[in-house]
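Colleague: I'd like to learn how to read disulfides in a model. Can you walk me through it?

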Amino acid sequence: QVQLVESGGGLVQAGGSLRLSCAASGRIFSSYVMGWFRQAPGKEREFVTAINWSRFSTYYNDSVKGRFTISRDNAKNTVYLQMNSLKPEDAAVYYCAACFSNLATMCRSREKYDYWGQGTPVTVSS
C-alpha cells in the first residue's frame, strides 16, 4: 500500500509564498492521480488541486487558480504544492492524497481518494 508524508507547512505572512512536499514511501505509478486538500477549523475538508502522471491533466479549485501550482517528480516519488500570494483564508491543514485514476478531473472529491497523508499545517498571518 501507499504511505504519504507531507512536509513544508509553517507560518507565512499574507502575500508570501510557501512550498509543500508530499513524499510517498511506496512507488506511485501512472495509475494514480495525486491531489491536495485542505481543512480549516470548523470547516469541511475541501479540494485544492490534482495532477496526473503525465502532468497533462490538472485541476484547480477556483479559489486558488493563478496562485497555487501543483507539480510532481515521478522519479523522486514526490508531489509539490507551490503556494503564492497567500491569503489569511488559505490557512488550514493541508493533506496529500492519491486517487486511482489517470485524469485529474476524475479526482475532484475526497471520496475518490484511497490514500491520505497526516497533514501539514499552514498559518497565514495578516
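Modeller: Let's go through the disulfides one at a time. This is a predicted model, where local features need pLDDT of at least 70 and side-chain atom pairs count only at pLDDT 80 or more, while totals for chains, interfaces and linings use all residues. Residues are numbered from 1 along each chain as its sequence is written, and side-chain values use heavy atoms, with hydrogens and water left out.

Colleague: How many disulfides does the structure hold?

Modeller: A disulfide is a pair of cysteine sulfur atoms within 2.5 Å. The structure holds two. Counting bonded cysteines along the chain, the pattern is 1-2, 3-4.

Colleague: Which residue does Cys 22 pair with?

Modeller: Cys 96, at 2.1 Å from S to S. The pair links distant parts of the chain, 74 residues apart: Cys 22 sits in strand 3 (residues 18–24) and Cys 96 in strand 9 (residues 92–100). Strands here are DSSP runs of E, at least two residues, numbered from the N terminus. The angle about the S-S bond of Cys 22 and Cys 96 is -80 degrees, a left-handed link.

Colleague: Are Cys 22 and Cys 96 buried or exposed?

Modeller: Buried means under 20% relative accessible area, exposed over 50%, partly exposed in between, using a 1.4 Å probe and protein chains only. Cys 22 and Cys 96 are both buried.

Colleague: Why is the disulfide of Cys 99 and Cys 107 called left-handed?

Modeller: Because the torsion about its S-S bond is about -70 degrees. The sulfurs of Cys 99 and Cys 107 are 2.0 Å apart.

Colleague: And why does Cys 107 count as buried?

Modeller: Because its relative accessibility is 0%. Cys 99 is buried too, with a relative accessible area of 2%.

Conventions:
Helices (H or I, at least four residues) and strands (E, at least two) are DSSP runs, numbered from the N terminus.
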